[in-house]
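Here is a short briefing on one protein chain. Look through the sequence and the structure first, then read the points below.

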Amino acid sequence: MTKRHGYAVLSALVALVAALSAAIYATVAADGGTPRGTLSDNRPHRDSHADPASTGTWVGAWATAPVGGEPGTETAGLAGRSVRNVVHTSAGGTSARVTLSNLYGQSALTISHASLALSLGDGSPAADAETMRRLTFGGTPGVVIPAGGQAVSDAVHLTVPHDTDVLITTYSPTPSGPVTYHPRARQISYTATGDRTEDTTGTPYTGQTPYWRYATALDVLSNEATGTVVAFGDSLTDGVTSTTGANHRWPDILSGRLRSALQNGRQLPRYSVVNEGISGNQVLTDGLGRPAENQSGLGRFGRDVLSRPNVKAVVIDLGVNDILRNRRLADPDRVVTGLRTLVRQAHARGLKVVGATLMPFQGHRGYTPAREAVRQQINARIRAGEVYDAVVDFDKALRDPYDPRRLRPEYDSGDHLHPSDLGYRTMAEVLDLSTLKGAGQTEL
């Protein structure tokens, strides 16, 4: 080979290497500096449903408050079983994420597999197969939640309609101790033996439960809502006597009213509504245990209201249990001071606060004339504008006009404390939607 011919071959090799380098550079640059099929931290490439590029506002589509540790689960938890929670949305979106809680666990909770899907309807455990999504947590399919903690899933791309049932399913392979739950869901959910997290038929889900377990929130990336309203209260907000599976709690009806009013062209805020009621809840007093079961309104307000995504307003209906569950006569000044403390916390975050008068309960086993007098004193201060930014007068709307100490018969579920379905509907209908506009006052 001549020297001249050797230079020519060398030049050709250099050109080939340069061309290959340029091609590799172009491929890497097109993937944001990461080779195709991997992530920069060497994790496997995520499911194509994860990390949506959608635009919108994160709002609460559904939520519930953790109440305590489920009796009977103190040792094994729900090891080896799939839990399928049926929840109902108040707002739609193009992506979703789920919050799971181990607040009342005494050891770490391992969730090895979790999923999200739209229900086929009618409260069934069967899922729409095309909507089944595997949930991930930091890019991995499982998560270990420490005792007292919670975990929020990565967002998944899924079109979630408003006013529809969604299935949140978890599988825990190992014992975890007490299961964090919400006992009075007014909704049937399901369990199955083994990991049936992505089953769509619903057939393995032979166990039924009136509880929500582990799941405490479903948020959506929404173009139809720009904020969240939190209904904060006791069993009257929890909907304890409403028809199971019918979504007849007053916050459910309020959500539908807001949506209908907007469709009719009314100038109202576009808000979702989530329910943070706990049966038996009090303004001032915690339940037993550490952490306290049925934590007081003062203790849980930050967790259940202020931490909700894009919360704009809160409707508070709380105080009846402070009267009924106090062995001594409740001090109306202390109850009002507690309510005003909640309002100050809300105002510090710019939230509008609508508060409810306390409804009558004559005929209930806890009724006494002295307790009735306390209720009247608290209501007088609420109506006088000493507590909230705006007032919804549930007492006036539901009391018997012939005996204002009692619920009107058609609004009474029969226990003389909790409303019927019609009573809950009336509560939602008397709330003036325009009171949800604007921000809270700087100081009352």
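## Cores, sheets and one buried threonine

The largest nonpolar core has 34 residues, and Phe 301, Val 314, Ile 316 and Leu 339 have the most contacts inside it. A nonpolar core is a set of buried Ala, Val, Leu, Ile, Met, Phe, Trp, Tyr and Cys residues joined through side-chain atoms within 4.5 Å. The model is predicted: local features need pLDDT of at least 70 and side-chain atom pairs count only at pLDDT 80 or more, while totals for chains, interfaces and linings use all residues. Residues are numbered from 1 along each chain as its sequence is written, and side-chain values use heavy atoms, with hydrogens and water left out.

**The cores**

- At least two residues of the largest nonpolar core come from each of strand E17 (227-233), helix H4 (297-306), strand E19 (311-317), helix H5 (320-324), helix H6 (332-348) and helix H7 (369-383).
- Helices (H or I, at least four residues) and strands (E, at least two) are DSSP runs, numbered from the N terminus.
- H6 gives the most to this core, with 6 residues.
- Another core lies apart from it and has 33 residues, including Leu 78, Ala 114, Val 156 and Ile 168.
- Val 314 is in contact (heavy atoms within 4.5 Å) with Val 230, Phe 232, Phe 301, Val 305, Ala 346, Lys 352, Val 353 and Val 354, leaving aside its neighbours within four places in sequence.

**Strands and sheets**

- Six strands form an open sheet in the order E7-E6-E11-E3-E13-E14, with antiparallel pairing.
- Strand E7 (133-134) and strand E14 (207-209) stand at the edges with a single partner strand each, so one side of each has no neighbour in the sheet.
- Strand E3 (residues 81-88) pairs with strand E13 (residues 189-193) in the antiparallel sense over 4 bridges; two strands pair if DSSP finds at least two bridges between them.
- Arg 81 stands opposite Thr 193 in E13.
- Strand E1 (residues 57-63) is largely enclosed by the rest of the structure, because 5 of its 7 residues are buried.
- E1 pairs with strand E16 (residues 215-222) in the antiparallel sense over 6 bridges, and the bridge partner of Ala 63 in E16 is Ala 217.

**Thr 180**

- Thr 180 lies in strand E12 (residues 180-182).
- Thr 180 counts as buried because its relative accessibility is 2%; buried means under 20% relative accessible area, exposed over 50%, and partly exposed in between (1.4 Å probe, protein chains only).
- The side chain of Thr 180 reaches the backbone nitrogen of Leu 103 at 3.2 Å.
- Among the residues that Thr 180 touches, not counting those up to four places away in sequence, are Pro 66, Ser 101, Leu 103 and Trp 212.

Technical notes: A polar contact is a pair of N or O atoms within 3.5 Å; within protein, one must be able to donate a hydrogen and the other to accept it, and residues adjacent in sequence count only if both atoms are side-chain atoms.
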